[in-house]
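Please look at the sequence and the structure before reading on.

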Amino acid sequence: MKNPSISVTILANSAQNIRLLVQGQLIMKNAPLVKKELINALNSSENIALVLKNIVKADLGVLQLLIGLQKSAALLGKTLTLDIELTHNIHSVILSSGLEKILIPNSKLQLNGIY
(Lines give C-alpha, C1' and ligand atoms only; values in the text may rest on other atoms or scores of the structure.)
Protein backbone atom coordinates (compact mmCIF):
# COMPACT_ATOMS: atom_id res chain seq x y z
CA MET A 1 0.00 0.00 0.00
CA LYS A 2 1.45 3.36 -0.99
CA ASN A 3 0.36 6.85 -0.06
CA PRO A 4 2.56 9.97 -0.06
CA SER A 5 2.49 10.11 3.72
CA ILE A 6 2.41 6.39 4.65
CA SER A 7 3.68 3.11 3.30
CA VAL A 8 3.02 -0.46 4.36
CA THR A 9 5.35 -3.01 2.82
CA ILE A 10 5.16 -6.78 3.20
CA LEU A 11 8.66 -7.94 4.10
CA ALA A 12 7.78 -11.64 4.43
CA ASN A 13 4.56 -13.58 3.99
CA SER A 14 3.44 -17.17 4.52
CA ALA A 15 0.41 -18.90 6.01
CA GLN A 16 2.17 -18.95 9.37
CA ASN A 17 4.08 -15.65 9.38
CA ILE A 18 3.73 -12.16 7.98
CA ARG A 19 6.09 -9.25 8.58
CA LEU A 20 4.92 -5.74 7.70
CA LEU A 21 6.97 -2.56 7.62
CA VAL A 22 5.01 0.64 8.31
CA GLN A 23 6.72 3.97 7.64
CA GLY A 24 5.58 7.58 7.51
CA GLN A 25 2.69 9.30 9.24
CA LEU A 26 0.48 7.27 11.58
CA ILE A 27 -2.34 9.79 11.52
CA MET A 28 -6.12 9.47 11.24
CA LYS A 29 -6.06 10.44 7.56
CA ASN A 30 -4.06 7.27 6.93
CA ALA A 31 -5.94 5.04 9.39
CA PRO A 32 -8.25 3.35 6.83
CA LEU A 33 -5.28 2.28 4.70
CA VAL A 34 -3.33 1.02 7.70
CA LYS A 35 -6.40 -0.76 9.11
CA LYS A 36 -7.02 -2.57 5.82
CA GLU A 37 -3.46 -3.92 5.72
CA LEU A 38 -3.52 -4.94 9.38
CA ILE A 39 -6.82 -6.81 8.98
CA ASN A 40 -5.45 -8.59 5.90
CA ALA A 41 -2.37 -9.62 7.89
CA LEU A 42 -4.48 -10.81 10.81
CA ASN A 43 -6.69 -12.88 8.52
CA SER A 44 -3.85 -14.43 6.51
CA SER A 45 -1.25 -15.49 9.09
CA GLU A 46 -0.86 -16.94 12.57
CA ASN A 47 2.11 -14.77 13.55
CA ILE A 48 2.13 -11.08 12.70
CA ALA A 49 5.26 -8.97 13.09
CA LEU A 50 4.66 -5.26 12.69
CA VAL A 51 7.73 -3.06 12.24
CA LEU A 52 7.14 0.66 12.76
CA LYS A 53 10.14 2.55 11.44
CA ASN A 54 10.75 6.11 10.25
CA ILE A 55 7.48 7.24 11.81
CA VAL A 56 7.52 11.01 11.45
CA LYS A 57 4.11 11.71 12.97
CA ALA A 58 1.55 9.76 15.00
CA ASP A 59 -1.72 10.47 16.68
CA LEU A 60 -3.70 8.73 19.36
CA GLY A 61 -6.33 7.28 17.03
CA VAL A 62 -3.85 5.20 15.06
CA LEU A 63 -2.11 4.05 18.23
CA GLN A 64 -5.52 2.86 19.44
CA LEU A 65 -5.84 0.96 16.16
CA LEU A 66 -2.64 -0.91 17.06
CA ILE A 67 -4.09 -1.76 20.46
CA GLY A 68 -7.21 -3.08 18.74
CA LEU A 69 -4.99 -5.26 16.58
CA GLN A 70 -3.27 -6.62 19.71
CA LYS A 71 -6.65 -7.49 21.25
CA SER A 72 -7.97 -9.09 18.05
CA ALA A 73 -4.83 -11.20 17.67
CA ALA A 74 -5.12 -12.39 21.27
CA LEU A 75 -8.81 -13.29 20.85
CA LEU A 76 -7.96 -15.29 17.73
CA GLY A 77 -5.06 -17.06 19.43
CA LYS A 78 -2.55 -15.41 17.10
CA THR A 79 0.78 -13.82 17.92
CA LEU A 80 1.47 -10.14 17.34
CA THR A 81 4.94 -8.68 17.75
CA LEU A 82 5.55 -4.95 17.54
CA ASP A 83 9.02 -3.70 16.69
CA ILE A 84 8.76 0.06 17.16
CA GLU A 85 11.55 2.50 16.47
CA LEU A 86 10.53 5.50 18.57
CA THR A 87 11.44 9.09 18.01
CA HIS A 88 11.18 11.51 20.90
CA ASN A 89 7.85 12.87 19.63
CA ILE A 90 6.23 9.44 19.19
CA HIS A 91 7.52 8.33 22.58
CA SER A 92 5.94 11.46 24.10
CA VAL A 93 2.57 10.71 22.48
CA ILE A 94 2.64 7.16 23.85
CA LEU A 95 3.65 8.30 27.34
CA SER A 96 1.21 11.22 27.57
CA SER A 97 -1.69 9.00 26.48
CA GLY A 98 -0.86 6.26 28.99
CA LEU A 99 -0.62 3.71 26.17
CA GLU A 100 2.88 2.59 27.15
CA LYS A 101 1.26 0.16 29.61
CA ILE A 102 -0.45 -1.53 26.67
CA LEU A 103 1.95 -1.08 23.75
CA ILE A 104 5.37 -1.26 25.37
CA PRO A 105 5.07 -4.50 27.42
CA ASN A 106 4.09 -6.39 24.26
CA SER A 107 6.69 -4.81 22.03
CA LYS A 108 10.33 -4.92 21.19
CA LEU A 109 11.11 -1.21 21.28
CA GLN A 110 14.11 0.61 19.96
CA LEU A 111 14.38 4.16 21.23
CA ASN A 112 15.59 6.49 18.53
CA GLY A 113 16.46 10.02 19.53
CA ILE A 114 17.53 11.92 22.61
CA TYR A 115 15.24 12.29 25.61
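## The cavity and its lining

Strand E5 gives the most to the lining of the largest cavity, with 3 residues. Strands (E, at least two residues) and helices (H or I, at least four) are DSSP runs, numbered from the N terminus. On a 1 Å grid over the protein atoms alone, a cavity is a set of points where a 1.4 Å probe fits but cannot get out, and lining residues have an atom within 4 Å of a point.

The lining consists of Leu26, Leu52, Ile55, Leu63, Ile84, Glu85, Leu86, Ile90 and Ile94. Two or more of these residues come from each of strand E4 (47-58), strand E5 (79-86) and helix H3 (88-97). The lining has 8 nonpolar residues, no polar ones and 1 charged. Ala, Val, Leu, Ile, Met, Phe, Trp, Tyr, Cys and Pro count as nonpolar, Asp, Glu, Lys and Arg as charged, and the others, Gly among them, as polar.

## Basis of the model

The model is predicted: local features need pLDDT of at least 70, side-chain atom pairs count only at pLDDT 80 or more, and totals for chains, interfaces and linings use all residues. Residues are numbered from 1 along each chain as its sequence is written, and side-chain values use heavy atoms, with hydrogens and water left out.

## The contact of H1 with H2

Ala31, Val34, Lys35, Leu38 and Leu42 in H1 are in contact (heavy atoms within 4.5 Å) with Val62, Leu65, Leu66, Leu69, Ser72 and Ala73 in H2. The residues of this contact comprise 9 nonpolar, 1 polar and 1 charged.

Methods. 1 Å grid on protein atoms, 1.4 Å probe; cavity = no way out; pocket = protein on both sides within 12 Å on 5 of 7 lines; lining within 4 Å.
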